[in-house]
Amino acid sequence: MYSYLVLRVVAKLLMPFIMLFGLYVQFHGDFGPGGGFQAGVIFAAGFILYALIFGLQNASRVLPRGILRFGIALGVLLYAGVGVYNLLVGGKYLDYNVMAQNAVHGQHLGILLVELGVGITVTSVMVMVFFTFARHRQTKGDDQDGGSRPL
Amino acid sequence: MTEHLAALQVVIPLICAPLCMLVRYRDWSWIVALFGSWSCLVISWLLLQQVMTGGIISYHMGDWAPPLGIEYRVDTVNAFVLLIVSAIGAVVTPYARESVRAEFGVNRVYLFYTSYMLCFCGLLGVTITGDAFNLFVFLEISSLSSYVLIAMGKDRRALTAAYQYLVLGTIGATFIVIGIGLLFAETGTLNMADLAERLADKPLSRTIGAAFGFLVVGISLKLALFPLHLWLPNAYTYAPSVVSAFLAATATKVAVYVLLRFLFTIFDVKLSFGVMPLDSILLVLAVIAMFAASAVAIFQPNLKRMLAYSSVAQIGYMILGISFANVNGVAAGILHLFNHALMKGGMFLALGCFFYRIASVNLDDMAGIGRRMPWTMAAFVVGGLGLIGVPLTVGFISKWYLVLGAFERGWWFAAALVLLCSLLAVVYIWRVVEVAYLKPAPENAPDIEDAPPSMLIPTWILIGASIYYGINTDLTVGAAKLAAQQLLGAG
């Protein structure tokens, strides 16, 4: 795929817009349609496009497996951690009202962080699934162990 | 913090799961899991105490009031099931350290603890929630992670077993969500207490009838009621030892709880057992499960598979108790949840000990094992006595209340069938005893020690508990009866 000039140029051109749109969907989710899940899928689609055009090697240099693994865990921790923070400052679990000086600000901040957590985890999981299948395909034949390669 | 116990019950394992993934060094992730499971045990114990003295606990997630917000609702029924699940988790985790190290590649140990904590979180969530859709979400969390756990088995057939479970489990989950969707269409609410109230006012419509059908079939698939049990034997046989023990003692139990919740709390008893002929359907299926699965168990060369079929039969006992739809019968069903979790969990752990030493759980390889691994084999035999229902074991207590329930209902033949089915259990347990104690060990058998203490002690805790609660029944029978009264009274 590396030799197709048109694809490479178009992919490079598209990349910032995909990322920007991802950010828009991520942080606009509390006002309109969107949110962490959708944004995570858009981000991941960007990375997958990059991997398709420029190869798995380059893509995994951008997002090494260690970072992906960290991202998967971090997103869940962020989500659950927001809830625990609410407990500690005197509210119910995931009661964002207590997070800031007033309830409206609190709700705003709370949902922003929670959705960010969702976005991080969804991006990481999607890219990880893609990498795992793609690598499995590449190494098929000499990999006797089948799909049991650790993450 | 005590008012937040209901939330923490689910949140602690939810946080432990990603932590297990972050601290990749194997013992660290084990320590995280150990912390998670033990603190959950403490929480569930405190919750049960609170419920027994203070009545129902209702926790509003995010401070959104039900029925719109998600409510966690703890009464005696689910407090008891929470205690079962977290107690099994707390016993299995210390055992897991050695066993997982031996059965997994070192690189994959942390993945095991991550999925294990997620599964634990899902099972606790299913049990504690008071919201029908939330229940479905947690059911999916626990199911998806249990597919992963089963697929981690060393045997390559674990993959097909997990896949088979995935397909059937997904069909079950789909049926459940269709049922919940139909109820939502009919009533406009997802909160269980609210659902029960609104359904009580409505005449039986086709929508409610269809929802009832979908839910019963979907949940029956999850709890492996005959003839929907086909996923279970393979899944338990090829899963890693720890996973077999954990799932056998918790996953199907939680599904039985869900069935109880829907039949008695959400739908009216009059609908479940009066308008719908569910009592005779469950009775017939339960009896077939007891006999067919016990009979199949007798002919299994692989002991894990034998115990898996025996589990199908024991689930038959629980469903039989529920089909009586009276206090003694339902109490026997709930009691057997607890008792069977102890016995079967302990026996699967004992098999894990054998696997740790001789790398096989086939009956042929176990000749003379009773003398080579005396403590492990003794645990297995005591658990087996419980399955048979010998007095002074928990199995006897369950069967006693089952028989009482049968007489109360006037189904004396069911009582006779329970006793008759115990004889089949005698046969399959005796097969193992005969090979393990009466056959000489092969000449070339390597010298082996008994299992390491970190595995033997958890096994004996469960087996010891199965004796203790066979003698001292205050806690179990008390809680089960109270739970049954609440379920039937609410209906």
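Predicted model: local features only at pLDDT ≥ 70, side-chain atom pairs only at ≥ 80, totals over all residues.
Residues are numbered from 1 along each chain as its sequence is written, and chains are lettered from A and ligands numbered from 1 in the order in which they are written.

I then looked up the span of this helix: α3(B), residues 76–103, has 28 residues and reaches 38 Å from its first C-alpha to its last, close to the 40 Å expected at 1.5 Å a residue, where the expected span is 1.5 Å times one less than the number of residues. Helices (H or I, at least four residues) and strands (E, at least two) are DSSP runs, numbered from the N terminus. Of the 28 residues of α3(B), 24 are buried; a residue is buried if 20 or more other C-beta atoms lie within 10 Å of its own, exposed if 12 or fewer, and partly exposed in between, with C-beta atoms placed from the backbone.

**Helix α2 of chain A**

I checked the span here too: a straight helix of 27 residues would span 39 Å, but α2(A) spans only 21 Å between its end C-alpha atoms. I found a bend of about 130° at Gly55(A). Asn58(A) is in this helix, which covers residues 36–62, and Asn58(A) counts as exposed because it has 12 C-beta neighbours inside 10 Å. Buried residues of α2(A) include Phe43(A), Phe47(A), Tyr50(A) and Ala59(A).

**Chain B as a whole**

I counted 20 helices and 2 strands in chain B, and 60% of its 491 residues count as buried. The C-alpha trace spans about 75 × 55 × 40 Å along its principal axes.

The largest nonpolar core has 235 residues; such a core is a set of buried Ala, Val, Leu, Ile, Met, Phe, Trp, Tyr and Cys residues joined through C-beta atoms within 7 Å. Its largest share, 20 residues, comes from helix α14 (residues 327–358) of chain B. Met117(B) is among the residues with the most contacts inside the core, and, not counting residues up to four places away in sequence, Met117(B) touches Pro13(B), Cys16(B), Ala17(B), Cys20(B), Ala33(B) and Gly36(B), a contact being two C-beta atoms, placed from the backbone, within 7 Å.

**Contact between the chains**

I find that the contact takes 15 residues from chain B and 18 residues from chain A. On the chain B side, helix α1 (residues 5–22) gives the most, with 7 residues.

**Loops of chain B**

I looked for cis peptide bonds and noted one from Pro66(B) to Pro67(B), with omega near 5°, Pro67(B) lying in the loop between β1 (57–60) and β2 (71–74). Another runs from Phe226(B) to Pro227(B), with omega near -5°, and Pro227(B) is in the loop between α8 (206–223) and α9 (231–238).

I also noted that Ala325(B), a residue other than glycine, has a positive phi near 55°, and that Ala325(B) is buried, with 22 other C-beta atoms within 10 Å. Ala359(B) likewise has a positive phi of about 55° although it is not a glycine, but Ala359(B) counts as exposed, with 11 C-beta neighbours inside 10 Å.

Notes. Bend = angle between axes of the 7 residues up to and from the residue.
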